[in-house]
Each structure stands twice: as structure tokens, then as C-alpha cells.
Amino acid sequence: MKLFTAFVAVAAGLTSINGFAPNVAFKTRHFASATSLSSTAVDMKSSLATAANEARGLAMDSIAAAKSGHMGLPLGAAEVGAVLYGDQMQYNPSDPQWMNRDRFILSAGHGSMFVYSWLNLAGFDLPMDEVKNFRQHHSMTPGHPEFPNSEHNTPGIECTTGPLGQGIANAAGFAASEKMAAARFNTADHKIFDHHVFALCGDGCIQEGVSHEAACFAAHEKLDNLIVLYDSNDVTLDKMADYTQSEDVGARYEAVGWDVTTIDGHDIDAVTKAVADAKASKNGKPTMIICRTVIGKGIPDIEGTNAAHGEAGVKFVDASKAGLGLPEDDKWFVSDGTRSFFNDVQAKNKAIYDDWQKTYTAWKGSNPDLATQLENGLAKKQPSADEMFAAIPPMAAPAEATRVSGAKIINNIAELVPTYISGSADLHGSTRNYIEGGGNFGAGGADKTYAGRNLYYGIREHAMGSIMNGFSYHGIFTPSGSTFLVFADYLRATIRVAALAELGVSYVFTHDSIGVGEDGPTHQPVETVSGLRVIPNLDVIRPGDAEETVGAYVASVDRTDGPTALIFSRQNMDQMDGVDVDTRRQGVLKGGYVAKKETGALDTIVMASGSEMQHVMKAFADSPTVRVVSMPCMERFDRQSDEYKESVLPSSVPSSGRFAMEAGVSAPWYKYTLGGKVVGVDRFGFSAPGDIVMKELGMTAENIKAVVGK
């Protein structure tokens with residue numbers, strides 16, 4: 001009887017095949033484990049348990065070889081990986097971009113050897129040589145997972161993670177995008193979208209506030225296709241977790257509307273049942289599976305301690321592998337049995353994939369217009385910039401704020417690009433980026449459906465940025481979202497990741513300067529535009545009138561290899577009616593252009609952006625030797641050819657003849673003035689009507705004319 005009990009425990013994953021015991025000191029809300037097993041189930045559990053230990057071995061060897069990395073999660077969550085990649089997820093390594101695949105996001109991106117090990121075992125095109133090349137230059141296995149971009153292309157990596165908590169919010173974006181795709185493209189006869197989104201997180205992700213913002217959004221919008229597995233091991237980097245946290249995480253997630261299950265994360269049966277139950281649930285609740293695990297499991301010298309988080313276990317690797325049933329001298333060992341097992345997994349998933357392809361072919365034949373829309377969205381195929389300009393009539397606007405101009409233009413864009421979507425952090429009425437007739441996204445209610453193109457994120461800027469990234473990673477829709485410019489720093493970390501991952505997302509940031517006025521310095525973003533300009537691969541566009549705003553919107557949609565921040569004003573500004581429409585629109589695409597050309601011998605160049613363009617145009621309208629340059633986007637201008645840049649800013653004009661004006665900190669302009677004077681705002685503003693603040697801080701035509709002396 002004792003032998004039988006031990007056998008069942010091993011097969012169920014309650015003790016590993018090498019005999020070390022799991023952590024059993026934990027509370028559970030629901031606990032699932034096997035009491036009887038068929039021979040097929042025993043074989044499956046045995047194969048998964050073996051694969052889990054071999055995945056541990058791959059992580060050990062790669063981190064030891066690199067002398068760098070994080071062992072804790074890859075070893076501690078190995079059974080979770082075995083269940084997901086070996087049983088519960090649907091994917092096709094031969095077509096890693098299959099649109100209806102399940103998505104896996106490693107929110108705890110520092111544990112990257114977890115996902116690299118499983119991608120190799122599961123048959124993705126990630127060769128063992130690349131696994132061995134972990135964290136090395138030009139490898140497919142960088143220190144944190146990176147979404148395929150110009151630097152890395154690792155099949156099976158769904159998003160860039162590392163900044164903790166963002167992966168949970170990205171996953172909420174994936175799940176929302178899947179809901180939107182299902183609502184817009186599934187039909188009564190053919191269901192082409194029905195996949196799930198899985199995220200694996202740790203205590204660090206749970207502690208970061210962005211995860212809670214996203215959890216509230218996901219629950220409120222009933223994203224029951226989202227499954228988060230929480231690697232709960234009671235450890236953070238500095239100390240044991242109870243040194244800094246004491247809340248009941250499960251109760252918190254239940255309170256905001258999630259289903260929560262707590263299991264032994266080393267019990268393969270329990271993990272399998274919890275994931276299967278979550279997939280089957282259609283109750284309108286996302287699921288959190290709290291997997292109680294031992295960090296660094298498999299290296300007795302460090303497991304269960306905060307030392308296991310990093311590479312402290314490297315010196316114990318060889319001795320520990322024997323305890324896992326792995327050959328000490330055969331590094332990066334994968335047994336023939338595990339390779340054979342995953343060949344069978346691939347065959348099973350290929351059958352699912354082939355059936356889906358038949359469904360898709362039938363759907364496409366019955367819905368050619370929807371198919372074109374979907375395939376264009378996936379391929380980012382849309383009208384060219386020139387075609388969009390041709391379709392958007394001249395604005396013919398009076399003096400108005402660029403946010404007001406933008407309210408019209410975003411609807412032109414939405415008509416031209418059906419997969420373009422918008423959203424706001426509770427500020428649609430102020431930021432003016434609502435798609436009329438597009439409907440509101442969400443779960444039921446009088447005016448919300450999953451097909452809606454306007455997302456209401458609540459006052460959650462950080463989550464909004466991460467969810468937008470999730471939409472972009474998912475690949476069908478082109479997301480944009482808005483808030484006041486001064487709050488851009490709330491989502492700055494997500495903007496940085498969007499730039500790194502080369503995501504074509506757009507931010508609509510309004511109330512752009514001291515012109516905000518009465519709200520005072522807390523809401524007057526004097527430093528924010530310049531702060532955004534220093535993020536590599538982020539285009540920051542601050543248009544100077546309605547036609548430049550057309551150019552800004554078109555540029556943001558036309559760009560697919562990085563994000564764009566659109567900087568719009570609250571205050572009215574004059575239109576540059578003396579400059580033809582095409583010059584202004586095309587000028588934005590180039591980043592900078594000559595708005596007013598000198599009529600005499602050129603000796604002075606005055607540059608500006610946004611609302612300050614009206615002042616320099618007025619100040620030098622009758623100055624024959626002064627050229628006025630509009631510079632709405634420094635990043636785009638800097639990418640132009642040397643010949644073009646010279647044509648706009650001739651090197652013959654010295655620093656003494658170069659000037660710039662902007663209602664923000666002056667530093668970025670000196671690369672163009674070459675040390676010449678910049679009229680900027682290098683201090684915080686104050687509360688007063690906007691025109692008074694502008695005048696007091698020198699943002700007038702009279703002041704720039706006096707400074708230039710022309």
C-alpha cells in the first residue's frame with residue numbers, strides 16, 4: 001500500500017521523480033490533485049515531470065555558462081511550463097504567427113530562461129545553440145524576452161517584458177484585443193477567434209501598481225479569456241516577501257472581480273486542472289491561479305531563499321543536476337523521450353491548426369470584405385500617407401486649438417483605417433479623440449460591446465499604455481490613447497517599451513504647455529515634451545495649426561516601426577494660411593520645413609513648434625532676411641538626408657543668426673541653433689489665464705522679435 005501511495009504521488013507531481021518534497025505549507029482556496037489515474041494519465045504526468053526537470057537543467061546550464069541570469073523562476077515554475085506547453089496551450093511552432101494561437105506572456109521577464117527552455121522543447125525555431133548562447137551579443141536569447149524587432153527575432157516571444165507588472169497589463173491588452181477580434185470577425189457560421197491569453201507573474205509584478213490598474217480593467221470588462229498564473233514563492237530579491245507585503249493577494253483579486261484558485265504549483269495534476277477549468281470558464285471573470293512554489297527548486301543549497309532569485313546557485317549546478325536525474329557531464333541535456341513527447345504535442349496542435357485553417361478558408365470565402373479588413377490589419381496594410389492626405393479635405397479652420405482640429409481628423413483616419421482604435425484615461429471630453437460612430441468597447445451595457453473602437457480606461461494611465469502595447473503586440477488593431485500631456489510620465493515606462501519593441505502605437509497628449517493657464521504649474525508641462533524627445537525611437541510631433549495636425553495624425557498611422565506622441569494644445573492658435581496645405585502636411589512628415597522663406601539675403605533663421613509658430617510667423621512676416629522654420633518633429637527631421645537638412649537649415653547661417661522659440665525647456669533646440677539663443681520656459685509656470693502666463697514668460701511675437709532684433 002505504501003508503494004502504491006508513493007507511486008500515485010509521483011505521477012501526480014506531488015513529489016518529483018528524484019524524490020525531493022514540494023512546499024506544502026500554504027493556504028488554498030481550491031485545491032485539486034489526483035486520486036486515481038489511468039495509465040494514459042500516468043504516462044502524461046511522467047512525461048511532463050521529466051520535461052520539467054529537463055527544462056530546469058537547460059536553465060541551470062545556460063545561466064551557469066553566461067554567469068548571469070535569474071534561476072529562481074525557471075526552476076520554481078517548471079511544472080507550470082510543462083503543463084502549458086506540453087498540454088494546455090494551442091500553438092503551432094511551424095506557424096508561430098498563427099492568429100488564433102494561445103498567447104503566453106512572461107510578465108516576470110527576468111526569468112527569461114523559463115520561456116527559452118520551453119520554446120526549444122516545444123519545437124519552435126530556437127536552436128539549442130541559441131539556448132547555449134543565453135545573454136550573449138546577437139543571440140536569440142537576450143537577458144529579458146524581446147518582441148521580434150530589428151535587433152531580435154525569437155519565434156514564440158509574444159511581447160517584451162522586464163519592467164515588472166507591465167506583462168500583466170500587456171496580457172489584459174491581448175485579451176481585450178482577442179475579444180474585439182472575435183466580436184468584429186467571428187460569424188454565426190464560423191468562429192475564427194477563440195484563444196486564451198496566459199501570463200506568468202511573480203511577487204514583483206503583483207506589487208507594481210500597474211498590475212492592479214490592469215486587473216481592475218480586465219475584471220470590469222469581463223475578460224474571461226485571460227489567465228494569470230502567479231508564481232507565489234514568498235520571495236523577493238532583497239528579502240523574503242513577508243518583509244514588504246502582508247496583503248491577501250487572492251482576496252484582493254477576488255474583490256475586483258477575478259476568479260482565484262490556489263494550488264501547489266509543483267503538482268502537475270493540480271496545475272492541469274486549474275488551467276483547464278479556467279479555459280472552460282465563461283462566467284465573465286478573468287482567472288488568477290496562485291501557484292505555491294519553491295523558488296530555485298532543484299538546487300537544495302539555495303531553494304526557498306532570496307539567494308535563488310539570481311545566479312547565486314551557479315556554483316551548485318553540477319551537484320544539483322544529479323538530484324534531478326540529469327547527467328552531470330551532459331550539459332543542456334534533453335532526453336529522446338522528451339523530444340518524442342513534444343513531437344506528439346506538435347502533432348496534436350497541428351491537427352487543431354489544420355481544422356482551424358479549414359474554418360478560416362470557409363469564413364474567408366463567405367466574408368471577403370471582413371477578410372480583407374482582417375488581413376490588412378495583420379499586415380499593417382493601409383492607405384499611403386499621400387492617399388490619406390488626398391482623402392482628408394483642407395481644414396479651412398478658424399483660429400482653434402489643435403486638440404479641436406484633432407477631433408475632426410481622428411474621424412477621417414478612422415474611416416480610412418478600419419482597424420484604428422482609440423481610447424482615453426477618462427478624458428475623452430477634453431482630449432477630443434473620440435471616434436464618432438465607432439461604439440464603445442466593453443462588456444455589455446447600453447452602449448458597450450466588444451466591437452467598440454473607443455476604450456474607456458478609467459483614470460489608469462500606466463495600465464492604458466501597457467494595454468495599448470498589448471493590442472499592438474496582438475497584431476490586428478492600431479491603438480491610440482489619450483491623456484493630458486502633464487500625465488505622460490504616468491505611462492512613460494510603457495512608452496519606453498513601445499519604442500524598444502518598435503510598436504506602432506500613438507499617444508494623444510493635449511493641454512501641452514503653460515497655455516493651460518488657470519490650472520497652474522501642476523498641469524503646465526514645461527519639461528514633458530523635452531522629456532519625451534530623449535526616448536529613442538519615439539516620434540514627438542507638436543503641430544502648429546490644423547493642417548500640421550493632419551500631417552501629425554497621418555504620420556502617426558503611417559509609422560509602423562515605433563510609437564508617436566501627438567502633442568496638442570488646449571489654447572487656440574492662428575492658422576498659417578500663407579503656407580499652402582500640402583507644404584504644411586508634407587512638412588510634418590519630414591519633421592521640419594521652411595514655412596516662410598526669406599526674400600532677401602538670408603542671415604537669420606527662427607525655428608518654432610506648436611503654438612509658438614503663430615508668434616514667429618507674425619513677428620517676421622515682413623523681415624526679408626529672416627527664414628521661419630516649422631519644426632513639429634525633431635526626430636523625423638533628424639532622419640532626413642543631409643541634403644534636405646541643409647536645404648532647411650543652411651550651414652552658412654552661423655549660431656549668431658539662429659534662434660528658436662518654444663513654450664517649454666530650451667535644451668533640445670541648441671542642436672539646431674548651434675548655441676544661438678532659445679526663447680523657452682526653463683522654470684515652472686503659475687496659475688493665471690493662459691494668455692497672461694504666456695506673455696509673462698515671453699511667449700509673444702513682440703518678445704521673439706526683440707530677442708532676434710530684426
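Which strands does helix H7 (residues 166-185) lie across?

## Helices on the sheet

Helix H7 lies across E1, E2 and E3. Its direction makes an angle of about 175 degrees with E2. The model described here is a predicted one.

Helix H11, residues 268-280, also packs on the sheet. The strands touched by H11 are E2, E3, E4 and strand E5 (287-292). Relative to E4, the direction of H11 is at about 165 degrees.

## The sheet

The strands belong to an open sheet of five, in the order E1-E2-E3-E5-E4. The pairing is parallel. Strands of a sheet pair through backbone hydrogen bonds, either parallel or antiparallel.

At the edges are strand E1 (103-106) and strand E4 (259-264), each of which pairs on one side only. On average, neighbouring strands of the sheet are turned by 20 degrees against each other, direction ignored.

## Strands E2 and E3

Strand E2 covers residues 197-201 and strand E3 covers residues 226-232. The two run parallel and are joined by five bridges. Cys201 has Tyr230 in E3 as its bridge partner.

## Helices H13 and H14

Another pair of elements is formed by helix H13 (residues 336-366) and helix H14 (residues 368-379), whose axes come within 5 Å. These axes cross at roughly 115 degrees.

On the H13 side, the contact is made by Tyr360, Trp363, Lys364, Gly365 and Ser366. H14 contributes Pro368, Leu370, Ala371, Leu374 and Glu375. Sorted by class, the contact of H13 with H14 has six nonpolar, two polar and two charged residues.

Definitions and conventions:
Residues are numbered from 1 along each chain as its sequence is written. This is a predicted model: local features need pLDDT of at least 70, side-chain atom pairs count only at pLDDT 80 or more; totals for chains, interfaces and linings use all residues. Side-chain values use heavy atoms; hydrogens and water are left out. Two strands pair if DSSP finds at least two bridges between them. Helices (H or I, at least four residues) and strands (E, at least two) are DSSP runs, numbered from the N terminus. Axes are lines fitted to C-alpha atoms, for helices over the stretch in contact, and angles run from 0 to 180 degrees between N-to-C directions. Contact means heavy atoms within 4.5 Å. Ala, Val, Leu, Ile, Met, Phe, Trp, Tyr, Cys and Pro count as nonpolar, Asp, Glu, Lys and Arg as charged, and the others, Gly among them, as polar.
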